[in-house]
Amino acid sequence: MIGQRRFYITSPIYYVNDSPHIGHAYTTLACDVLARFKRLDGFDVKFLTGTDEHGQKVEKSARAAGMDPQSFTDKVSQNFRDLARAMNYSNDDFIRTTEPRHIAACQALWRELKARGQIYLGDYQGWYSVRDEAFWGEGELISGSDGKRTAPTGAPVEWVKEPSYFFPLSKWQDRLLKFYDENPDFIGPASRRNEVISFVRGGLEDLSVSRTSFKWGVPVPDDPAHIMYVWLDALTNYITAVGYPDTSGEYARYWPADLHMVGKDILRFHAVYWPAFLMAAGLAPPKRVFAHGWWTNEGNKISKSLGNVIEPNALIARYGLDPVRYFLLREVPFGNDGDFSHKAMVGRLNGELANELGNLAQRTLAQVNKNCDAKVPARGEFSDEDRMLVEGAGSLLARLRETFDRQQFHEGLEAVWVVVRSANAYIDRQAPWGLRKTDPARMATVLYALAETVRHVAILLQPIMPDSMARLLDQLAVAPALRDFAALFKPLEAGTPLPAPQGIFPRFVEAREGAA
Ligand code: MSP
C-alpha cells in the first residue's frame, strides 16, 4: 500500500550457550505484542529476532559440550526457534549470525568504516569479561567479597593483551551527546537515558573491535588473523536482516528501525556503540532503544548456579500461554525490575482474567444465548449509561496507542480493565436477567451494549493474548476480516447467530496436598 506507515522492531539476538529462560522470553514477548499491535493498526511491520552465535563465550560452551562451534550452534539455535513457537511470537524473520548473509553484511560494514578512516590498528591491553563479552575500564571494576576484582555485572574479568583494530569511539562523544539532545525519545525509559548521557559525558575510550586470540567469529576483511569483536558482529544483525549492504529494497523500506527492545544490561551497546558505528559508516541510527528491567524468582536473583531458572515451557504448561503473556506485561511497569511469584501469577489469572474478563464475557454471552435466541440482539435507543459504557470501550484504542508507543503496557492494560470492571458493575446494576419478562427490549439493548464492549476489549487484547481473544471473537461471530483496529468502528450486526459460549480462562486450582 502506498504511503503505508512502517514499523521495524527487533529483539536482541540471544547467546546460544544458554537455554531459553523467562528473561529471553520476556524481551521478545514485548516485541511480539508491539508487532501484533502495529499490524492490527494498519502498519507494514517487520519483526526480527534470532541468535548471537559467535564469540568466546559460545566457543567455550561448544568445547565444553565436546562439539565444534558450528554443529553446536546449529543444535542450540533451534531451542530459540522452538521458544518462538511455544510463546506464539509472530516474528517475520529469524537471523543467525553464522549465516552467509550476515557475514557478508559485517564485512561490508567493516570495509565502509575502514574506508572512512574509522578503524585503525593498535594493541589492546585491558580487562575483558567473557561472560559479558565486554571490555571494562579499570575504574569500572568492583571488588568482590573474596577480594577478587570483577566486572560491575559480577562477571569474572581477565587481563587481555593482543594486537587489535580499534574504533575511534572517543571522537564520537560530542556527536553522540548532540544526537541524544536532538532525539529526546531515543532512549527509554527516561532514567536510563540519563544514565547513558552521564556515561558518555564521563568520556569515551576507543573501542577494541577485533580479537586475535581465538577464531570463532567473522574474519576481518584482508586480515584474517583477526576476527571481529562479537558485539560489532551482533549489532550488525539489525541491518543484515533488511538486506545491508544493499540499501535499496528492505533497507530503504524499514531502516532506521523504529525500536530496538533490550534488557537494561545491554543498553550501553545499543545506545552508545551502535549509533556511533552507524554514524561513522554514514548510516542512520535507530529511532529508539528501550531498556526493560530484570525478573527475579520469588525474590531471588535468577541464576543457573542457584538452580532457580524459570523455563518458559514450564510456565506455559502450568498456567497456560496467554495468562503467562498477560502476566509478564501486566505485573510490572515496563522498564522496572519485577518479581515472578506463583502467588502473583495466580492472583492475576484468577482475578483479572477468570473473574473479571472471563466472567464478563461468559455472563454476556450466556444470556444472549439463552434469552436472545443465540443471536446478536437488536438494540433500542441507548441510555446515558449504555452510551458511557460503549464510549468508554471506544476510547481505548487511542489510550492503547499512546501507552504502547511509550512501551508502557501495564498502563494500557489497566485502562482496558477499567472498562472491564465498569462493564461488570453495569451488568449488576442493569440486571438484564430480570428484564426478560418485564422489558425484553431493554434487556436486548443492555446485552447489546455489553456484547459491543466485549468485542472492543477482545479486538484490542489480541496482541497480548492472541489465541484466547481469537476464541472470544469466534464466540461473538466476528469474521476474521473484521478483527483489526479499523473494524472497531463496525458494530455487531443484530440477528447474527452466535455459537454456544465457552469459558476462556479456567481458574487455576491449587492441587491439594497429597492429591494424586
Ligand atoms: N547476545 C546478546 C545480545 C546481542 S543484541 C545485538 C545478549 N544475549 S543474552 O542471551 O545474554 O540476553 C538477551 C536478553 O535477555 C537481554 O535483553 C537480557 O536483558 C535478557 N535477560 C536475561 N536475563 C534476564 C532476566 N532475568 N530478566 C529479564 N531479562 C533478562 O545479551
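Q: In the open sheet of four strands, which are the edge strands?
A: The open sheet has the order β5-β4-β8-β10 with antiparallel pairing, where strands are DSSP runs of E with at least two residues, numbered from the N terminus, and two strands pair if DSSP finds at least two bridges between them. This is a predicted model, in which local features need pLDDT of at least 70, side-chain atom pairs count only at pLDDT 80 or more, and totals for chains, interfaces and linings use all residues. Residues are numbered from 1 along each chain as its sequence is written, and side-chain values use heavy atoms, with hydrogens and water left out. The strands that pair on one side only are β5 and β10 (207–208).

Q: Which residue in β10 is the bridge partner of Phe166?
A: Strand β8 (residues 158–167) runs antiparallel to β10, and two bridges join them. In β10, the partner of Phe166 is Ser208.

Q: How many aromatic pairs does the count come to?
A: Rings of Phe, Tyr and Trp (its six-membered ring) pair if their centres lie within 6.5 Å, and planes under 30 degrees apart count as stacked, over 60 as edge-to-face and the rest as tilted. By this rule, the number of aromatic pairs is 34.

Q: What is the angle between the planes of Phe135 and Tyr229?
A: Phe135 lies in strand β5 (residues 134–136), and Tyr229 lies in the loop between β12 (227–228) and α7 (230–235), 94 residues apart. Their rings form a tilted pair, 5.1 Å centre to centre, and the angle between the planes is 50°.
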